[in-house]
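I am opening a notebook on this structure. The entries below follow the order in which I looked things up.

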Amino acid sequence: SRNQINTVKVDEFSLTLIPDTGLRLSIDVDLGITSAPSTTKEMQLSILADLHVEMNPDGNLELVTSACKPTLEELQSTEDMDRSDPRTSSVSDVDKQINIEKICLEVSKLLLFPNERLMSLAAPFPITPTCQVRYVPLAAPMYSEQGIIISLQTTFQVAGTAIPLPVSPVPFSMPEPTSSSPSHLTLAFSEHFFTSLFFALEMDGAFNMTILGWLLCPEVTLLLCQMGSLFQEDLPVVLQSTTRSSPHVVLEEGKAILRLFLTAQIGAVSPVFQSFLSVNMDVSARLHVSITDTRMIISAVAIEDIELSLAASDVGPVQAALLKELFLPTIREELLAQINAVLRGGVFLPHIVSFTYSDVNVTIHKDYVLIPCNLQLEARTH
């Protein structure tokens, strides 16, 4: 071609939300085109493309074009600067030489990079070395005046195997916004999400504890003496706790409570563990929720209530007051430490590679947690 594009200037590059449809991509590009040594034309290439996100056969979200319309107009010419209308359609051979229909192919190429990133949305994220979480899209997004709504289903894997989660009592849908928010993104997590998280951790054995060399107090020594000939020598007391029922989380306005149902076996190793006392413990722990980068940090800040009851005893009846005196201080300290040790790495939020969350606000409501935030794109290093 004897035409040469000397300058390219992008004047506009914008996305507009079209309710019930998708997105509209608008691009205006000024081109300086030389067709002869003395002739330079200023042209504007305008592109309107309709985009939407759909589910591909692999179950991933994919950004596609549903319509594309490029137009090419002449702005001015060095041969004819006195035109009354500077925006007249060019009928020269320039638009014949520049195949504007191929522009739509280039627009589709623009979507390759974001689609690579969208695939990372459903990637598995680690919680513990053997427990993972995935956020799987349920359907293509919905577009409304308020924005784009994406429904994700949480799945958990323990030791590489997906676990069946407790059945949600009611389907969860995005709460209606109470007011307009300047945030780019709002995440909503149901009460069932948190219950399922702790259920998966329980299946992973995260709340099983063994406390060795439990400090002897006069009351414990008395219990050991009551065992008579079971142990012929002094042995350290060992406490082992396991879950006896699935945990669940209760969300109220401004408060999140984890309820754990444990059984503690107290005994000694001689040479294998022999239990002489079994105690049921119903524990309510106050949780704190915050966000760091792309992770939800959940921590237990206090044990609000512990109910103890004797399950079995080889040393006769034990009064409730004595059970509390024996176990409450140890359980409060050790259980808080255990929960926080399990969750110290945080739980990854649904996110796309290269994006992090900023300006985060976590609000706990009855039955759900709302997290309005902004998206921040990390700078590319290449």
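Which residue in strand 9 does Pro137 stand opposite? I looked, and Pro137 stands opposite Leu152.

Before going further I noted the ground rules. This is a predicted model, in which local features need pLDDT of at least 70 and side-chain atom pairs count only at pLDDT 80 or more, while totals for chains, interfaces and linings use all residues. Residues are numbered from 1 along each chain as its sequence is written, and side-chain values use heavy atoms, with hydrogens and water left out.

Entry: the sheet.
I took helices (H or I, at least four residues) and strands (E, at least two) as DSSP runs, numbered from the N terminus. I counted two strands as paired if DSSP finds at least two bridges between them. Strands of a sheet pair through backbone hydrogen bonds, either parallel or antiparallel.
I found an open sheet of 4 strands in the order 5-6-9-10, with antiparallel pairing. Its edges are strand 5 (125–128) and strand 10 (161–162), each of which pairs on one side only.
I then followed strand 6 (residues 131–137) and strand 9 (residues 152–158), which run antiparallel and are joined by 7 bridges. Along this pair I also noted Arg134, which stands opposite Thr155 in strand 9.
Strand 9 pairs with strand 10 as well, in the antiparallel sense and over 2 bridges. Here Val158 stands opposite Thr161 in strand 10.

Entry: helix 4.
What packs on the sheet, touching strand 5, strand 6 and strand 9? I found that helix 4 (residues 191–203) does this, and its direction makes about 10 degrees with that of strand 9. For contact I used heavy atoms within 4.5 Å. Axes are lines fitted to C-alpha atoms, for helices over the stretch in contact, and angles run from 0 to 180 degrees between N-to-C directions.
Helix 4 has 13 residues and reaches 19 Å from its first C-alpha to its last, close to the expected 18 Å. The expected span is 1.5 Å times one less than the number of residues.
I next checked burial, where buried means under 20% relative accessible area, exposed over 50%, and partly exposed in between (1.4 Å probe, protein chains only). Gly205 follows helix 4 and has a positive phi, near 75 degrees.

Entry: the cores.
I treated a nonpolar core as a set of buried Ala, Val, Leu, Ile, Met, Phe, Trp, Tyr and Cys residues joined through side-chain atoms within 4.5 Å. The largest has 65 residues, and Phe198, Leu201, Met296 and Phe327 have the most contacts inside it. Helix 6 (residues 320–343) gives the largest share of this core, 10 residues.
I looked up Met296 and left aside its neighbours within four places in sequence. Its contacts include Phe193 and Phe194, as well as Val347 and Ile371.
A second, separate core has 21 residues, including Leu45, Leu61, Leu121 and Tyr143.

Entry: cysteines.
How many disulfides does the count come to? I got 1, taking a disulfide as a pair of cysteine sulfur atoms within 2.5 Å. Cys68 and Cys104 form it, with their sulfur atoms 2.2 Å apart. The torsion about their S-S bond is about -95 degrees, so the disulfide is left-handed. Cys68 lies in strand 4 (residues 61–77) and Cys104 in helix 2 (residues 101–110), so the pair ties together parts that are 36 residues apart in sequence.
Cys68 counts as partly exposed because its relative accessibility is 28%. Cys131 is buried, at 0% relative accessible area, and Cys373 is buried too, at 1%.

Entry: Lys255.
I found Lys255 in strand 14 (residues 255–269). Is Lys255 buried or partly exposed? At 31% relative accessibility, Lys255 counts as partly exposed. Beyond its neighbours within four places in sequence, Lys255 is in contact with Val250, Arg286 and Ile364.
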